[in-house]
Amino acid sequence: MTNKLSRPTNIPSMTWFHGTGSHAIQVTVGFIDNEPKEIFMRTSVDHDYATCDRASSESLARSISIGLRYGVPLEAYIAQFQGITCMATFDATLQRVVKSPADYLAQILKIVSDPKFNPPQLY
């Protein structure tokens, strides 16, 4: 097994937000050595199972973070999560349909994996 990348004390990050009224998704990507290596995802929904939705989103993001630190390529996650559908909505910022929290996460990972993407820097 590959060695796990250690986490510095401070890392730059970016946050994306998708809101649809009663359903919101926030994804934060942390960068180590200009590569996405840490993911946080929070969902906010207005129904009885909201706590379970939040726990599922958080566990998905933690799992991806662990994988990224062990060298799993972003493309593997994008391929697995892209297109998963539960409640499709339109994101005006990204100018595309968001099919689920997992699909939104895949869209963000696709953005940060683009060679033209410039990750933030610590000042």
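Trainee: Are Phe-31 and Phe-117 buried or exposed?
Mentor: Both Phe-31 and Phe-117 are buried. Please note that the model is predicted.

Trainee: How many aromatic pairs does the structure hold?
Mentor: There are 2 aromatic pairs. In one of them, Phe-31 and Phe-117 are stacked, with 5.8 Å centre to centre and 25° between the planes.

Trainee: Which parts does that pair tie together?
Mentor: Phe-31 belongs to strand 2 (residues 23-32) and Phe-117 to the segment after helix 3 (101-113), so the pair links parts that are 86 residues apart in sequence. Tyr-77 and Phe-81 also form a stacked pair, at 6.1 Å centre to centre and 20° between the planes.

Trainee: And how are Tyr-77 and Phe-81 placed in helix 2?
Mentor: They are 4 residues apart in helix 2, so about one helical turn separates Tyr-77 from Phe-81. Tyr-77 and Phe-81 are buried.

Trainee: Where is confidence highest, and where is it lowest?
Mentor: Helix 2 (residues 74-81) has the highest confidence, at a mean pLDDT of 95, and strand 4 (residues 89-91) the lowest, at 78. For the protein, the mean pLDDT is 86, and 91% of residues reach 70 or more.

Trainee: Changing topic, how much space lies in the largest cavity?
Mentor: The largest cavity holds about 60 Å³ of space. It is lined by 11 residues, and His-18, His-23, Ile-25, Met-87 and Thr-89 are the closest to its centre. By class, the lining has 5 nonpolar, 5 polar and 1 charged residues.

Trainee: Finally, why does Gln-95 count as exposed?
Mentor: Gln-95 counts as exposed because its relative accessibility is 55%, and the cut-off for exposed is over 50%. Gln-95 sits in the loop between strand 4 and strand 5 (96-98).

Key. Residues are numbered from 1 along each chain as its sequence is written. This is a predicted model: local features need pLDDT of at least 70, side-chain atom pairs count only at pLDDT 80 or more; totals for chains, interfaces and linings use all residues. Side-chain values use heavy atoms; hydrogens and water are left out. On a 1 Å grid over the protein atoms alone, a cavity is a set of points where a 1.4 Å probe fits but cannot get out, and a pocket is an open set with protein on both sides within 12 Å along at least five of seven lines; lining residues have an atom within 4 Å of a point. Grid points are joined across faces, edges and corners, and a volume is the space filled by probe spheres set on the points. Ala, Val, Leu, Ile, Met, Phe, Trp, Tyr, Cys and Pro count as nonpolar, Asp, Glu, Lys and Arg as charged, and the others, Gly among them, as polar. pLDDT is the predictor's confidence in each residue, from 0 to 100. Helices (H or I, at least four residues) and strands (E, at least two) are DSSP runs, numbered from the N terminus. Buried means under 20% relative accessible area, exposed over 50%, partly exposed in between (1.4 Å probe, protein chains only). Rings of Phe, Tyr and Trp (its six-membered ring) pair if their centres lie within 6.5 Å; planes under 30 degrees apart count as stacked, over 60 as edge-to-face and the rest as tilted.
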